[in-house]
Amino acid sequence: VSQSRYTVLLFPVPLPYARQYACGTGNNNAGYLGGGDGAATVSIVDKMIFAVDASFSLPSASLSAARTYLTSSSSPSAGYYGGGSPGYNSRMDKLTFSTETTAYIPAGNLSKSIYGMVATGDSSASYWGGGYTGAFQSGVDKLTYSTDTTAALPASSNLSLEKMQRGRLSAATAGYYSVVS
């Protein structure tokens, strides 16, 4: 579907497990859709191979806990899934692209139990902001890929509004969050 300067591409192959509120990460070759809510909240990760338009479940990459409303980011070598629901969750999982395995990384846990954050980043770190903990949040956490550790940034780094699940994008030198009311 194309509307003036915006293009939306639909994946031509259905996912093995239909669900909503899942979160995707990936690299140039494949995308990995994790978690979500179908008939139940799941830990399933599906792999989508871009070159051949194929998708399949990847049991070796299942998340460490079933979650929905989680958030993700990518380094050049791994994808990260953080936060989520049921309840509020601070868990951080790392999916290593070369082995297609996922592991829980406790040092990467978010600074608070939360769902509905947005993440943006570059090749060395990602920034996880906003979300919901019973109230909308504006705080930002930094996940450093080289050490797989997460830390809350000072309040001066907070988003301008307390929101959850808004848009984000990354450029080589900056990340941008959409905080539309």
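Reader: Why is Glu 100 called buried?
Author: Buried means under 20% relative accessible area, exposed over 50%, partly exposed in between (1.4 Å probe, protein chains only). Glu 100 has 16% relative accessibility, so Glu 100 counts as buried. This is a predicted model, where local features need pLDDT of at least 70, side-chain atom pairs count only at pLDDT 80 or more, and totals for chains, interfaces and linings use all residues. Residues are numbered from 1 along each chain as its sequence is written, and side-chain values use heavy atoms, with hydrogens and water left out.

Reader: What makes Lys 47 and Glu 100 a salt bridge?
Author: The rule wants a side-chain nitrogen of Lys or Arg within 4 Å of a carboxyl oxygen of Asp or Glu. Here the closest N and O atoms are 2.4 Å apart, so the pair passes. Lys 47 is buried too, at 13% relative accessible area.

Reader: How many salt bridges does that rule give?
Author: Four. Among them is Arg 67 with Asp 93, closest N and O atoms 2.6 Å apart. Arg 67 is at 0% relative accessibility, so it counts as buried, and Asp 93 is buried at 0% as well.
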